[in-house]
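I opened the model and kept notes as I went. The entries follow in the order of looking.

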Amino acid sequence: MYKTAVLGDRESVLGFMSAGFSVAEADNSEDAARALRRLANEDHAVIFVTEETAAMIPDEIEKYRSKPIPAVILIPGKGGSLGIGMANIKNSVERAVGADILK
Amino acid sequence: MEIRVNPTRMELKRLKTRLATAKRGHKLLKDKRDELMKQFLDLVRENKELRIKVEEGMKEVHVGFTAAAATSSPELLEEAIMLPKRQGELDVGYRNLMSVNVPVFSFDIKDADRAGGVNYGFASTSGELDAAVIRISELMPYMMRLAEVEKSSQLLADEIERTRRRVNALEYIMIPQLETGIKSIIMKLDENERGNTTRLMKVKDMMLKAALESKRADDDIPAEE
């Protein structure tokens with residue numbers, strides 16, 4: 001049985017406890033990388049990461065890109081959207097098509 | 001770069017077979033790439049819509065929680081949401097999308113109750129918290145779908161990139177190489193053939209000349225006697 005998790009700074013992720021997510025807090029890149037690895041090893045199929053935290057550990061997140069599980073999905077943190085999630089979509093379109101055709 | 005080959009008929013036949021295979025593979029891969037692209041574009045459009053929706057929703061949730069945190073003490077807040085009644089359980093299946101295995105997440109919420117996930121006393125917490133908690137549970141299906149679609153589109157993007165490389169390798173390297181190989185063998189064989197013909201003609205000339213001379217010699221001898 002798989003679980004879902006949220007990783008980010010304390011204020012952004014606390015609310016997700018109410019929805020039955022596993023919650024991991026991280027304020028710096030080391031904690032974030034460790035937490036992400038731990039969550040991935042503990043059968044979390046979907047890990048939502050706040051954009052602020054994800055920006056600290058781009059390499060760690062890239063590792064999971066080509067694996068079907070876990071899906072590491074960026075969500076906006078408490079500070080609002082940074083546009084990283086959208087940029088990722090554009091990025092994969094560019095990789096696949098060779099040009100950004102979504103405007 | 002070209003392939004070095006022995007200019008023999010056997011080698012020519014082998015190269016021709018390889019060329020035919022390469023051309024068939026190229027056509028198949030091109031079809032695969034086109035179909036992948038079609039699927040990918042559909043997915044990516046849905047991905048974009050879902051992301052906009054989820055990001056909007058998240059903004060509301062954060063506003064709600066910030067408001068709740070402002071009106072009640074952090075300990076109380078944590079206590080209220082720490083023990084969810086609902087346990088999220090996630091089932092992961094796989095779907096084969098153009099020979100790419102993509103995950104399918106089905107999230108089912110146990111003990112889903114009428115209050116939409118609010119399972120704490122209302123006395124000590126603020127109304128903003130209730131709203132935020134309800135909003136999160138409303139958002140859940142979209143978040144799960146977003147996870148599924150975004151993962152699928154990432155996996156497809158990788159597969160498209162790989163397929164495109166293979167198509168290009170076949171189209172611009174493999175097939176031209178085989179074609180020049182075949183061409184050079186044919187040229188060489190033709191050249192040999194021409195060389196052989198001229199040699200034969202030459203030999204025939206020489207033989208004729210020799211025959212003529214010996215005949216003349218034969219004719220000359222009796223005349224002297």
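I began with one bridge: A:Lys3 has A:His44 in E3(A) as its bridge partner. Helices (H or I, at least four residues) and strands (E, at least two) are DSSP runs, numbered from the N terminus. This is a predicted model, where local features need pLDDT of at least 70, side-chain atom pairs count only at pLDDT 80 or more, and totals for chains, interfaces and linings use all residues. Residues are numbered from 1 along each chain as its sequence is written, and chains are lettered from A and ligands numbered from 1 in the order in which they are written.

**Entry: strand pairs in chain A**

E1(A) pairs with strand E3 (residues 44–50) of chain A in the parallel sense, over five bridges. E1(A) also pairs with strand E2 (residues 22–25) of chain A, again parallel, over four bridges. In E2(A), A:Val23 is the bridge partner of A:Val6. E3(A) and E4(A) run parallel and are joined by five bridges. There, A:Val49 has A:Leu74 in E4(A) as its bridge partner.

**Entry: the sheet**

In what order do the four strands of the open sheet stand? I read E2-E1-E3-E4 (chain A), with parallel pairing. E2 and strand E4 (71–75) of chain A are at the edges with a single partner strand each, so one side of each has no neighbour in the sheet. Direction ignored, neighbouring strands of this sheet are turned by 20° against each other on average. Axes here are lines fitted to C-alpha atoms, for helices over the stretch in contact, and angles run from 0 to 180 degrees between N-to-C directions.

I checked burial next. A residue is buried if 20 or more other C-beta atoms lie within 10 Å of its own, exposed if 12 or fewer, and partly exposed in between, with C-beta atoms placed from the backbone. In strand E1 (residues 3–8) of chain A, five of the six residues are buried, so the strand is largely enclosed by the rest of the structure. For chain A, 48% of the 103 residues count as buried.

**Entry: chain A overall**

I listed five helices and four strands in chain A. From the N terminus, the elements run β-α-β-α-β-α-α-β-α. The radius of gyration of chain A is 14 Å, close to the 13 Å of the globule rule for 103 residues, so chain A is as compact as a globular protein of that length. That radius is taken over C-alpha atoms, and the rule is 2.2 Å times the number of residues to the power 0.38. The C-alpha trace of chain A spans about 40 × 30 × 25 Å along its principal axes.

**Entry: chain A against chain B**

How many residues does each chain give to the contact? I found 48 from chain B and 35 from chain A. Two residues are in contact if their C-beta atoms, placed from the backbone, lie within 7 Å. H3(B) gives the most to the side of chain B that touches chain A, with 17 residues.

**Entry: one helix pair**

Helix H5 (residues 84–97) of chain A packs with H1(B) at an angle of about 175°, and their axes are 10 Å apart.

Technical notes:
Pairing = 2+ DSSP bridges.
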